Amino acid sequence: MILEDNFDNMGIYYQAQFDLVTNNVVGIKTFNKNNVKATPNDVDFQDSTKKAEYIAKLDLSALEKAGELQKNIFKKSKKILPVFVAISVCTIINPYNIYEITSLIKSFNLPENSINLLLVNAESIDNVNEVSKSLKHFMRHNIKMYLGDIATMAVFVELLNEIKPSGIVISKTLFGDVTLDSRKYCILKEIVLICTKFGIDTVCDGVDNAMEAKILKDLGYKKGIGDFYMPLMSDNLFERNYITFLW
């Protein structure tokens, strides 16, 4: 059975992004929480095309809701933080979706880099050239691209050979339970050295405790997201707290 579209009832949750050195809020990440499945299984769809169409609608709906939040805050305070909206690989390889995303971001009439795209489900990339072509399109339109779900280093290296993203998001899979004498520590050190050399921002998603935050900061990672800093908030609750982050 194909799931019903229920995008008007889709909840967008937000989590603040913190500077690992200063602990100041420097950005916002969005999360989808739908009344139906936000990331449906293949069995819910007749074919992969239907699944891709559904995910694209989720992505565009989340982008629109995040843009409206930014517009509301900017109208009140004349200041906003950059928001990072997750966009799936299957969404950006469709030329129609590329056009829709670009047009939607421009329609908000916000300062540059107010809305950034975070590429997720990178492990599903079959054609790096096709994906990099799409990413280059957004970059030509001054839309910052971050690579998310960086737990699969082969994908990261392949994409890095084609483009220079604005930043990467390191997943909990890669840094969870890291200690100073672990192999993970050595891997994380090499990643941050590569990113520093190429001028790529680094964000660690899923920072849950002070030890992780300290190790990542000492390694040279720039930003963190996670319950250690702030829990997920619904759109209404986050909007009420948003203004306090700006001052």
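View 1. On a 1 Å grid over the protein atoms alone, a cavity is a set of points where a 1.4 Å probe fits but cannot get out, and lining residues have an atom within 4 Å of a point. Grid points are joined across faces, edges and corners, and a volume is the space filled by probe spheres set on the points. The model shown here is predicted: local features need pLDDT of at least 70, side-chain atom pairs count only at pLDDT 80 or more, and totals for chains, interfaces and linings use all residues. Residues are numbered from 1 along each chain as its sequence is written, and side-chain values use heavy atoms, with hydrogens and water left out. The count comes to one cavity of 30 Å³ or more, and the largest cavity has a volume of about 30 Å³. Look for Q17, K29, F84, L118, Y146, V169 and I225 around this space. By class, five of these lining residues are nonpolar, one is polar and one is charged (Ala, Val, Leu, Ile, Met, Phe, Trp, Tyr, Cys and Pro count as nonpolar, Asp, Glu, Lys and Arg as charged, and the others, Gly among them, as polar).

View 2. Helices (H or I, at least four residues) and strands (E, at least two) are DSSP runs, numbered from the N terminus. Within α9, residues 235-245, you will find F238, Y242 and F245 buried (under 20% relative accessible area; exposed is over 50%, partly exposed in between, with a 1.4 Å probe and protein chains only). These three cover an arc of only 65 degrees around the axis, which puts them on the same side of α9; the arc is that of the directions from the helix axis to the C-beta atoms. On the face turned away from that buried side sit the exposed residues N236, R240 and T244.

**View 3. S114 in its loop.** S114 belongs to the loop between α3 (95-107) and β4 (115-120). With a relative accessible area of 5%, S114 is buried. Its contacts (heavy atoms within 4.5 Å), leaving out residues up to four places away in sequence, are Q70, I80, L81, P82 and V83. The side chain of S114 also reaches the backbone oxygen of P111 at 2.5 Å.

**View 4. T202 in strand β7.** Strand β7 (residues 201-205) holds T202, a buried residue at 2% relative accessibility. A polar atom of the T202 side chain lies 3.1 Å from the backbone nitrogen of K222. Not counting residues up to four places away in sequence, T202 touches I168, C195, G220, Y221, K222 and K223.

Definitions and conventions
1 Å grid on protein atoms, 1.4 Å probe; cavity = no way out; pocket = protein on both sides within 12 Å on 5 of 7 lines; lining within 4 Å. Polar contact = N/O pair within 3.5 Å; in protein donor to acceptor, adjacent residues only side chain to side chain.
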